[in-house]
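Here are my notes on the model you sent over. Have a look at the structure first, then read on.

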Amino acid sequence: MITAVLTIDDVPSCNTPDIVDYLNSKGITAVMFAVGKNIEKHYDNAIYALQHGMIIGNHTYSHPHMSALSFEEAIEQIEKNELILDKLYKDAGVTRKYRPFRFPYGDKGGENKKAFQRYFRENGFNKLVDTQIQFKWWREGELSTDIDTFWTFDVAEYNIRRGSGFTEEDVYKRIDEEDTQYRGALLGEGNSHIILLHAHDETEEMVPEYYKKFIGHMLDKGLVFTEPKFFGI
Ligand SMILES: [Zn+2]
């Protein structure tokens, strides 16, 4: 069996409700990482995601490179978004059970890396259960002990932009790639993953309903999406 937890970054967007409807039609619960500024812009779409069963975590207020900020500025980015998320859950009438966090660009804070992990531990953030992930690099890179939510497979569909030359076909190639030397193929038998996809309206313009195409392709190949679980809950 090949299993994965689905995570979707940079929500909410214009296409978020359509993504949510598709996921519900397939029985998939995603952990969506929201940017505070995007919540302010598409508030109702974030409410829709919560009321239709998705989990929304923190992806900072304005999506900066966290290593480029002072520790204090970076914490402000997190806490400003925490307040927005608390209000969002309240307005949606949904109890906020989980507080996952994902760093923009996978930038784990540079020299402040340890301080961030301590902050997450001391401030009630939740680690996604990842004991099913067997890749050596996951343990060696301390991803198995870090509280923030990293990923094992980046769909990389955000590279499909006007003039980028990166196409829908390139995404299928990535999904089907069998080279397991380092990171581990998405579709390697017995593998478990945390998949990273994005909610981007620009991708939607280039490849309408891209999430259906790419997630559908994974489902066709036998990948099973599992319910996200968090340690201590
Ligand atoms: Zn992001």
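This is a predicted model: local features need pLDDT of at least 70, side-chain atom pairs count only at pLDDT 80 or more; totals for chains, interfaces and linings use all residues.

1. Let's start with helix 9, which covers residues 210-220. Its buried residues are Y210, Y211, F214, I215 and M218. Looking down the axis of helix 9, you'll find these buried residues within an arc of 110 degrees, so they line one face of the helix.

2. The axes of helix 7 and helix 9 come within 11 Å and cross at roughly 25 degrees. With angles under 35 degrees counting as roughly parallel, helix 7 and helix 9 are therefore roughly parallel to each other. The crossing is right-handed. On the helix 7 side the contact uses E168, V171, Y172 and I175, and these meet K213, F214, H217 and M218 of helix 9. By class, the residues of this contact split into 5 nonpolar, 1 polar and 2 charged. Note that F214 and M218, which take part here, are also among the buried residues of helix 9.

3. Next, helix 1 and helix 3. Their axes are 9 Å apart and the packing angle is about 10 degrees, so this pair is roughly parallel too.

4. Helix 3 contributes A46, I47, L50 and Q51, while helix 4 brings L88, Y89, D91 and A92. The class count for the contact is 6 nonpolar, 1 polar and 1 charged.

5. Now for the backbone. As background, most residues other than glycine have a negative phi, and most peptide bonds are trans. Which two residues are joined by a cis peptide bond here? They are V11 and P12, with omega at about -10 degrees. P12 belongs to the loop between strand 1 and helix 1.

6. D10 isn't a glycine, yet its phi is positive, at about 70 degrees. D10 lies in strand 1. Is D10 buried or exposed? It counts as buried, because it has 21 C-beta neighbours inside 10 Å and the cut-off for buried is 20 or more.

7. E209 is another non-glycine with a positive phi, in this case about 55 degrees. You'll find E209 in the loop between helix 8 and helix 9. It is partly exposed, with 13 other C-beta atoms within 10 Å. Just after helix 9 there is also G222, whose phi is positive at about 100 degrees.

8. T3 is in strand 1 (residues 2-11) and is partly exposed, with 14 other C-beta atoms within 10 Å. Setting aside residues up to four places away in sequence, T3 touches Q132, S192, V224 and T226. The C-alpha atoms of T3 and A68 are separated by 35 Å, and the two residues are 65 apart along the chain.

9. Y158 is in the loop between strand 4 (153-154) and helix 7. It is partly exposed, with 19 other C-beta atoms within 10 Å. Leaving out its neighbours within four places in sequence, Y158 is in contact with H198, H200 and T203. From Y158 to A68, 90 residues apart along the chain, the C-alpha separation is 23 Å.

Conventions:
Residues are numbered from 1 along each chain as its sequence is written. A residue is buried if 20 or more other C-beta atoms lie within 10 Å of its own, exposed if 12 or fewer, and partly exposed in between; C-beta atoms are placed from the backbone. Helices (H or I, at least four residues) and strands (E, at least two) are DSSP runs, numbered from the N terminus. The arc is that of the directions from the helix axis to the C-beta atoms. Two residues are in contact if their C-beta atoms, placed from the backbone, lie within 7 Å. Axes are lines fitted to C-alpha atoms, for helices over the stretch in contact, and angles run from 0 to 180 degrees between N-to-C directions. Angles under 35 degrees count as roughly parallel, over 145 as roughly antiparallel, 65 to 115 as roughly perpendicular and the rest as oblique. A crossing is left-handed if the near helix is turned anticlockwise from the far one by less than a right angle, and right-handed if clockwise. Ala, Val, Leu, Ile, Met, Phe, Trp, Tyr, Cys and Pro count as nonpolar, Asp, Glu, Lys and Arg as charged, and the others, Gly among them, as polar.
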